[in-house]
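Thanks for making the time this morning.

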Amino acid sequence: MTDMNETLIPILGVITDVRIDTPDIKTFRVVTPDGKKPFDHRPGQCAMLSVPGIGEAMFSITSSPTNTEYMEFSIKKCGCVTEWLHAAEEGQMITVRGPYGKPFPVDDVFAGHDMLFIAGGVGLAPLRSVINYCRHYRDRYGRIDIVYGSRSKDDLLDYREIIEEWQNDENVHVHLTIDREQEGWDGHVGFVPNYVKELGFDTNKMAVLCGPPIMIKFTLDGLSELGFDKTQVYTTLELRMKCGVGKCGRCNVGAKYVCKDGPVFRCDELDELPDEY
Amino acid sequence: MLKCTLSNIDKLFEIVSASMPLYLPTEDKNGAVFKKWQPGTVWSNASNTVKGPKDLFFPQSEDLMAFKTEGKKIEVIDTRTETEDFAVFGVRACDVKSLEILDRVFLTEPRDSYYASRREHGVIISLACNRPTENCFCGTFGIDAAEPMGDVSAWLTDDALYLHANTERGQAFTKLIADLTEACDDSAVSAQKEKNRKVMKRLPLADLEANAFGGSKTEQFFHSPQWEKLSESCLGCGTCTFVCPTCQCYDIRDFKTNNGVVRYRCWDSCMYSEFTKMAHGNNRNSQKERFRQRFMHKLVYFPENNDGIFSCVGCGRCLAKCPISMNIVKVMKALEVDTDD
Amino acid sequence: MQTVTTKSLCERAASLLGEGTVAAVLGWKRGEFDYDLTPAVFTAAEELTEGFIYNDFSGANLSKYLLKKTREIDGKILVFLKPCDTYSFNQLLSEHRFDREKVYAIGIPCSGMADIQKIRKIVGEGITAIEACENSLLVHTLYDDEPISVSCAEVLTERCLNCKSKKHVAYDELIGDEGEVLTSNRFDEVEKIEALSADERFAFWQNELSRCIRCNACRDACPACTCEKCVFDNPNSGVQSKAPGGEFEEKLFHIIRAYHVAGRCTDCGECSRVCPQNIPLHLLNRKFIKDMNETYGEYQAGEYDNQRAPLVNFSLDDPEPSDVVKGGFDRA
Amino acid sequence: MQDVKEFKPVIVAFCCNWCSYAGADLAGSNRLAYPADVKIIRVPCSCRVNPMFILRAFQRGADGVILCGCHPGDCHYSTGNYYTRRRMSMLFSMLDFLGIERDRTRVEWVSAAEGAKFAATMNEFVEKVTALGPNKRLEDLRCKQ
């Protein structure tokens, strides 16, 4: 008799809360029909959400693993699955499978270090789970800096959580920036890469980076100007995925499958990959 | 070694079919294809089938599961059924090897239960090649067409079929046909192997070598200027991938039936523009990049992850079928020239 | 055997390259064997001498490549066109699919192309070399000591058996002799199927189309299929595009494929030539051509540029659909 | 076989907004009876209907597809239905070529004033399709899963 475990067959999830974060990003809280967290995960891992009849898509789990009650996904409206989800209400069932991918090395490589998180736009979503993980195990990490930028104030993801929780934590320093001047904004204005350079961090820390490709590219340049080595910088990639387990071939770049060998990569590992991500 | 006279071969198929479905190559309008044996089916000894036996284990399109939806509620229905035992006769050495390559993808954790179930229930009876075609180059990848593997290896001489069971499942198979076979020594088979190997040496592509390729060669080949030339007339169709016995990329899609949703998977091709297309862009935008991906995967990426084993078995199907006659042999030769410089 | 030699074409192309009239040459490139030619772009005389070939296997219609190549390459492109290719060329031109100024077209005669599958059927596997003689091909194989002679007529591709024209309808320069428009029997096969009962017709197509593996080669090779984005590549169209999703999908795909090129299809036969499953796709296209000819008057796509194709035209007294279907074709 | 439920065909009728849909409306308000299994899909013009619509209707369970538009010469957009006429002639002939029963498809011109013609056409069409039985040759078995 064949072992009938099958990763492609999902379990059910129920959307119990929909939070409007920005004009095009909503955060969905998901539990199983009996009210539990669908499965355990590590920071940086992803899950495959699907709406039968519409399709399946991979999303990073934005809630921290330390949250044992539910999972959260911050999702930007950009395709058919996300569009459908944005129209969904509380109580809507979806399907979930995972967790997929390699997590951030929070317990070994990151432990004991100062941390620098740099995010742009919806790029904060995958970092949120790491940030909250680090905040939960506060004593394992040193100073935490978070540089986060978006197009405008309205486009800042998790703004309330940032203002009400992150900024009030001891030894957590949040640096927000928006692309253009805006009424009611007295914070920093400018692009993330420049802001990182202006802030001028010391290099005795680990950096985690996520955002649009162009931001990643320039921020990486900025970090190396500041003296960071690529082995100190981690990022997470996004490619089209269907199976999530390195078999369907879509997210194959070089000898790596982003779904299975990533999505978290150390930046020097990326250099070894062909430039196709 | 067991011997079955050729005059008894239809009887053999009949006996096997009585206890499990038997698939074997038969001549179709388009060439030999694997079909289920039925009384009257004529077995074809054509050097190779149009498509490999891949379909029998990883069908071009298969349903994975079903959903019922009602209001906000969803029900997931596991539609899998245990595969019944079946036999595949006349699988050439290259195609047997191709299944090992598919195994490396589908049977590594997490196992693909759909494929695994068929693999566990299928018994493979291979057949040595007496008349390889000009397109054959399995030797390039260390495959000996005179010594095919599988659960049962078989050889054909002018008057008899010789069988040798390699696995337990193979023994169960030979037991099934015990009445039609008699034990014999290896001499006839050895002579046939000798003959076959002589032909193999004379094949036009016998000298093709794959040594230049393999894992950790990404840097060397990825930026080769040859890709531009090689891919310039590629139509971007999926013929090569669909006739390839080792190509395994797939797509998962939902189909809305009149009563619910069926989630199915189907073969996909890295040659298609839509393959890597995302809502916000495509990481392989040009046909050159897509073309390169296919061959780099077969010659470099796959070996890197799989102990140096190439994801090509030299079956020659892409040589025979590509609408513009661009194929892995031309790619290998062009890239090799590149490394000589 | 072809009446113009590779050498003469090569020399002319090299001289046009040399004098700077053209920047690149679109032709056929030698393969591993004598029959596996690949369309290729040549930019230097040495490349031509080394790789260019025109023989009985130069079947590929190069006109569609002009779309991409005229955009990519600076300067003029020399393209070699067989008579039937010139129809596709003209058709693309009338649809404004490429810039005529960027092309230097040389018409070359064609005595019909050979079908390697037909040769294989006769001589078996293991073809190592094919020599062209006057009216026959000498085929060397691994398994025969002596080469086998097959007559060219016997192994002509389907489309060449029903050649519609040896005349070039567009060119800047002609090499070799100009031919005539022929009276072909290309609709015979269509008529044969029309003469079958509905059940037989259904069974015939069911059998043919069931072999389809949805590789899309017919579409991708078709010089009339030039949409930037094909409906079958649109994931939101609800069409399965690459999964042989059952009998319906295959019918849908092939009806729509033929329909979308109806009136623009020059009957060049590329669809059937490239089909890895040997489905006689050209019969679907020819059915449309035949119907349009009989109902709306003779029309040959690509014969002239700037003609108005039947399906983008009408007349006030066109017959009703019920009369068309009942009219000529009710033989069930 | 006598116990088998009487076959009632599903008919999809594409009706142009300006004539035939109004014709159908008139048939309704005049209480002219035509079978309830005729599903009307309103289109801006009969020439909006591309061949894929027709095939997809069959895929999704239609047993017959009828296309109704303004009479030639009366098209709201002047010439739309002339194109329809050619297109559907060619498509129906192709379906016939593939062995698909020709009585499953039809084009009819129905003006806004012809409520009676609309009802009569539908009755006649339904009758013909009923005689043919369920659509088997253009059905998609997956839809029935």
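What share of the contacts in chain A with a separation of 6 or more is accounted for by residues 24 or more positions apart? The figure is 70%, where two residues are in contact if their C-beta atoms, placed from the backbone, lie within 7 Å.

Before going further, please keep in mind that this is a predicted model, in which local features need pLDDT of at least 70 and side-chain atom pairs count only at pLDDT 80 or more, while totals for chains, interfaces and linings use all residues. As for labels, residues are numbered from 1 along each chain as its sequence is written, and chains are lettered from A and ligands numbered from 1 in the order in which they are written.

Let me stay with chain A. It has 7 helices and 15 strands, these being DSSP runs numbered from the N terminus, with helices as H or I of at least four residues and strands as E of at least two. The radius of gyration of chain A is 18 Å, close to the 19 Å that the globule rule gives for 277 residues, so chain A is as compact as a globular protein of that length; the radius is taken over C-alpha atoms, and the rule is 2.2 Å times the number of residues to the power 0.38. Along the principal axes, the C-alpha trace of chain A spans about 60 × 45 × 35 Å. Of the 277 residues in chain A, 52% are buried, a label that requires 20 or more other C-beta atoms within 10 Å of the residue's own, with exposed meaning 12 or fewer and partly exposed anything in between, and with C-beta atoms placed from the backbone.

The domain assignment divides chain A into domain 1 (11-100) and domain 2 (114-236), with bounds that come from an automatic or database assignment. The C-alpha centres of these two domains of chain A lie 24 Å apart, and 15 residues of domain 1 are in contact with 14 residues of domain 2. On the domain 1 side of that contact, strand 1 (11-22) and strand 5 (71-76) of chain A each supply at least two residues.

Turning to the assembly, which of the 5 pairs of chains that touch has the most contacts? That pair is chains A and B, where 37 residues of chain A are in contact with 45 residues of chain B. Strand 4 (55-60) and strand 6 (93-100) of chain A are the elements that give two or more residues to the chain A side, which divides into 17 nonpolar, 12 polar and 8 charged residues. Here Ala, Val, Leu, Ile, Met, Phe, Trp, Tyr, Cys and Pro count as nonpolar, Asp, Glu, Lys and Arg as charged, and the others, Gly among them, as polar. Chain A and chain D, by contrast, do not touch, and their nearest C-alpha atoms are 13 Å apart.

Now to chain D, which has 4 helices and 4 strands and reads β-α-β-α-β-α-β-α along the sequence. Buried residues make up 57% of its 145 residues, and residues 24 or more positions apart account for 81% of the contacts in chain D with a separation of 6 or more. Why can helix 1 (residues 20-29) of chain D be described as largely enclosed by the rest of the structure? The reason is that 7 of its 10 residues are buried, among them Tyr21(D) and Leu26(D). The buried residues of this helix pack against strand 1 (11-16), strand 2 (38-43), strand 3 (64-69) and helix 4 (115-132) of chain D. After helix 1 of chain D comes Arg31(D), with a positive phi near 55 degrees.

My last stop is Phe314(C), in the loop between helix 12 (282-296) and helix 13 (321-327) of chain C. Phe314(C) counts as buried because 20 C-beta neighbours lie inside 10 Å. Leaving aside neighbours within four places in sequence, Phe314(C) is in contact with Thr79(D), Tyr82(D), Tyr83(D), Arg85(D) and Arg86(D). The C-alpha atoms of Phe314(C) and Tyr296(C), 18 residues apart along the chain, are separated by 8.4 Å.
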